[in-house]
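Hi everyone, and thanks for coming. Today I'd like to walk you through one protein structure, a piece at a time.

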Amino acid sequence: MFAQVQGIRWGLAGALAVLVLSGFARAAERPPNFIVILTDDQGYGDLGCYGAEGIRTPEIDRMAAEGTRFTCFYATAPICTPTRAALMTGSYPPRVGLGTPLHTPDRYGLNREEITLAELLKEAGYATGCVGKWHLGHHEPFLPLNHGFDFYYGTPMGHMFFTTVEESKRTDHFLRNGERIPHPPAEDLTELFTDEAVAFIERNRERPFFLYLAHTMPHIPLLPPADFRGKSEGGVYGDIIESIDASTGRVLQAVRDAGLAENTYVIFTSDNGPNPGDGSPGPYRGGKHGAYEGGVRVPGIVWAPGRVPAGGVCDELASTMDLYPTLARLAGAEVPADRIIDGRDITPLFHGEAGAKSPHEQFIYYVREGKTGGIRVGDWKLLVDVKAGPWNHTGEALYNLAEDPSEQKDLAAERPEKAAELRRKLEAADGELRRNARPAGVLK
């Protein structure tokens with residue numbers, strides 16, 4: 001906009017500048033907008049700005065160049081439902097009774113007693129929209145409209161139950177608000193979700209809004225959009241990542257077109273590491289299901305022109321559950337004081353404040369079924385015995401992530417005192433969580 005004004009004679013340019021600046025001032029008077037884009041099973045190394053080769057992601061790379069890229073951003077679990085529960089509640093998944101993925105026969109979900117991020121922001125005057133995969137309960141009491149969202153378009157469970165495009169045309173498991181509608185072909189979902197996200201931004205441009213865009217891709221089955229099929233050097237998986245990149249570009253452009261770039265935070269991340277054999281964990285070991293870094297260390301990009309430093313790189317530990325208290329603070333909303341919130345306010349990291357450090361003294365790795373997989377304290381990481389899943393481990397292992405980020409050298413035998421120290425901290429933290437856990441909601 002400013003570049004266009006510079007090419008006009010001064011009198012007109014001055015008038016336009018006044019209008020533009022007054023528009024910015026009006027935008028600044030209201031709380032900022034928030035857009036959280038969550039992909040499904042996307043690895044740390046699947047984006048150009050995180051070192052991907054053979055997959056082109058110019059839109060997300062531009063987002064990172066205009067914002068801040070986190071190098072130690074953790075999904076709060078290495079699998080779907082638990083991370084989504086952490087995002088919505090600001091808590092470790094077992095604390096809210098959702099430590100394992102939900103499936104069609106399950107009759108439980110996110111408890112109505114939980115105060116979700118959407119509810120916090122709605123109470124603060126925000127329009128709230130959820131587009132895409134919910135996966136926190138597919139029965140009526142657990143759906144987005146009963147957890148603080150004004151609008152919902154998507155699938156309560158995900159497309160993972162279909163193995164072909166034809167199977168994905170079944171008429172169940174897809175909603176527009178409270179109405180069940182025919183399930184679109186899974187290959188079309190990324191584009192359809194983007195259309196709905198853009199429309200939500202346009203409808204709510206005059207008031208603060210929170211948009212949660214949760215893609216079903218690149219979760220298997222890998223069904224890329226027709227326009228992207230065969231386009232990537234990264235094969236079918238690369239086709240899907242490139243379609244998500246285009247989607248992200250459309251969302252950011254919608255924010256710019258609405259004149260809201262200076263008053264909107266956009267966060268891009270993934271719910272866990274890559275499914276074995278599909279995406280890339282980058283330099284890290286492991287993937288989905290496991291407590292190795294590749295299962296939980298995911299892309300984390302924050303974009304907010306004028307608020308978040310352009311070209312910033314943050315190496316401090318942060319996680320999905322931190323978005324709850326952080327967005328609440330930025331919105332001027334109160335985090336509930338009657339329950340334990342495990343997430344921490346990372347606003348100083350968002351804004352690149354000098355000397356800002358991670359507010360986490362430790363981070364617990366929870367894996368499937370809410371089992372403890374390990375603990376990180378500073379640069380030290382202890383893994384404990386977890387036998388479930390293709391990329392989990394057996395026995396106990398100790399790593400120094402500063403010296404050995406790919407977790408190749410087990411130091412447990414060399415540093416038994418450090419392993420014992422971390423084991424005690426893990427037992428204490430998990431014991432506290434179990435004593436103060438809140439139950440999932442159960443369908444009556």
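Let's begin with Trp134, which is buried, with a relative accessible area of 0%. Buried means under 20% relative accessible area, exposed means over 50%, and partly exposed is in between, using a 1.4 Å probe and protein chains only.

Before we go on, a word on where this comes from: the model is predicted, so local features need pLDDT of at least 70 and side-chain atom pairs count only at pLDDT 80 or more, while totals for chains, interfaces and linings use all residues. Residues are numbered from 1 along each chain as its sequence is written, and side-chain values use heavy atoms, with hydrogens and water left out.

Now, back to Trp134. Which residue does Trp134 form an aromatic pair with? The partner is Phe149, and the pair is edge-to-face, with 6.0 Å from centre to centre and 85° between the planes. For the terms, rings of Phe, Tyr and Trp (its six-membered ring) pair if their centres lie within 6.5 Å; planes under 30 degrees apart are stacked, over 60 edge-to-face, and the rest tilted. Both Trp134 and Phe149 sit in the loop between strand 4 (127-133) and strand 5 (151-155), so the pair ties together parts that are 15 residues apart in sequence. Phe149 is buried too, at 2% relative accessible area.

When I say helix or strand, I mean DSSP runs numbered from the N terminus: helices are H or I with at least four residues, strands are E with at least two. The protein chain has 11 helices and 17 strands.

How many aromatic pairs does the structure hold? There are 20. In one of them, the rings of Tyr44 and Tyr50 have centres 4.7 Å apart and planes at 70°, so this pair is edge-to-face. Tyr44 counts as buried at 6% relative accessibility, and Tyr50 is buried at 7%. Ring pairs also link Phe34, Phe70, Phe73, Tyr126, Tyr265 and Phe350 into a cluster.

Some of those names come back in the nonpolar cores. A nonpolar core is a set of buried Ala, Val, Leu, Ile, Met, Phe, Trp, Tyr and Cys residues joined through side-chain atoms within 4.5 Å. The largest one has 47 residues, and those touching the most other members are Phe34, Met88, Trp134, Phe210, Tyr212, Tyr265 and Phe350. Helix 9 (residues 323-331) gives the largest share of this core, with six residues. A second, separate core has 44 residues, including Ile37, Val198, Ala261 and Trp303.

Take a closer look at Tyr265. Leaving out residues up to four places away in sequence, Tyr265 touches a list of residues, among them Pro32, Phe34, Trp303, Leu330 and Phe350. Contact here means heavy atoms within 4.5 Å. Over the protein chain, residues 24 or more positions apart account for 67% of the contacts with a separation of 6 or more. Of the 444 residues of the chain, 59% count as buried.

Is Gly306 buried or exposed? Gly306 counts as exposed, at 87% relative accessibility. You'll find Gly306 in the loop between strand 10 (297-303) and strand 11 (312-314).

Next, some backbone details. The peptide bond from Met217 to Pro218 is cis, with omega near 5°, and another cis bond joins Ile220 and Pro221, with omega about 0°. Pro218 is in the loop between strand 8 (209-214) and helix 7 (235-257), and Pro221 is found in the loop between strand 8 and helix 7 as well. Asp41, a residue other than glycine, has a positive phi near 70°. Asp41 counts as buried, at 1% relative accessibility.

Last stop: the second largest pocket. A pocket, on a 1 Å grid over the protein atoms alone, is an open set of points where a 1.4 Å probe fits, with protein on both sides within 12 Å along at least five of seven lines; lining residues have an atom within 4 Å of a point. Of the 15 residues lining this pocket, Tyr92, Asp342, Arg344, His360 and Gln362 lie nearest its centre. Helix 11 supplies the largest share of the lining, three residues.
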